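Have the sequence and the 3D view open as you read.

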Amino acid sequence: MSARTTAVAVAALLGALSLPAAAQPTFDGFLCCNMRTDGSWISDANYAESGKRIIPAGTPTRVTGYGRMRVLVELNGGKQALGNDYSRDLDLGTFAKRYVVSEDPARKIAGYPPKIRDAIKSARVAKGMTREQVAMAVGYPMSSENPNLDAPIWRMWLSSFSEFQVLFDNAGRVRQVETDPQTRNLVVMD
């Protein structure tokens with residue numbers, strides 16, 4: 001194989017690995033986590049702002065396309081944009097597959113103990129939850145602040161001014177949530 005042929009093959013491979021937004025795949029799946037929407041926009045920050053409602057984990061979702069830093073989806077009979085606002089280190093295809101999963105989380109949730117099911121349903125964190133259960137309840141942490149999902153601490157926000165930190169033990173279960181008292185009342189299920 002000539003050097004030119006090798007260079008062309010490598011360029012083609014690299015091009016395939018980083019598809020432009022328009023070339024990303026469309027697919028059907030389920031919303032990974034409880035996500036908050038204003039009716040047209042869901043941000044990966046998942047802030048609990050006034051006027052937003054929760055779309056529950058397990059909601060059937062169809063990825064219909066991609067835009068600038070967003071994944072276009074259909075869910076509950078309507079169109080939404082899932083914004084990659086704070087996880088821009090993830091390419092849009094990876095970002096889409098983080099939030100729209102092939103396996104229905106509702107099936108897993110149904111098998112969890114009542115306290116964990118109730119925490120997820122109410123978008124709260126409870127002691128003893130796994131990382132996966134925390135993500136189902138309150139969404140993924142922003143990858144710009146949490147590049148490693150196996151880290152012992154997830155730094156998250158309920159709003160721009162309401163930070164909370166989820167601390168995991170060595171077994172990967174919530175041992176504590178650190179935050180101010182007002183945010184604690186909104187995000188922690190005791």
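Which residues form one aromatic cluster? They are Phe95, Tyr99 and Tyr140.

## About the model

This is a predicted model, in which local features need pLDDT of at least 70, side-chain atom pairs count only at pLDDT 80 or more, and totals for chains, interfaces and linings use all residues. Residues are numbered from 1 along each chain as its sequence is written, and side-chain values use heavy atoms, with hydrogens and water left out.

## The aromatic cluster

A search of the whole structure finds 3 aromatic pairs. Rings of Phe, Tyr and Trp (its six-membered ring) pair if their centres lie within 6.5 Å; planes under 30 degrees apart count as stacked, over 60 as edge-to-face and the rest as tilted. Phenylalanine 95 and tyrosine 99 make a tilted pair, at 4.9 Å centre to centre with 50° between the planes. These two residues are about one helical turn apart, because they are 4 residues apart in helix α2 (residues 92-99). Helices (H or I, at least four residues) and strands (E, at least two) are DSSP runs, numbered from the N terminus.

Phenylalanine 95 is buried at 0% relative accessibility, and tyrosine 99 is buried at 1%. Buried here means under 20% relative accessible area, with exposed over 50% and partly exposed in between (1.4 Å probe, protein chains only). Tyrosine 99 also pairs edge-to-face with tyrosine 140, at 5.8 Å centre to centre and 85° between the planes. Tyrosine 140 lies in the loop between α5 (131-138) and β10 (153-159) and tyrosine 99 in helix α2, so this pair ties together parts that are 41 residues apart in sequence.

## Charges over rings

Arginine 131 lies over the face of phenylalanine 168, at 4.4 Å from the ring centre.

## The β10–β11 hairpin

β10 and strand β11 (residues 162-168) form a hairpin with 2 residues between them. The two strands pair in the antiparallel sense over 6 bridges, where pairing requires that DSSP finds at least two bridges. Arginine 155 stands opposite glutamine 165 in β11. Of the 7 residues of β10, 5 are buried.

Terms used: Lys NZ or Arg CZ within 6 Å of the ring centre and 35° of its normal.
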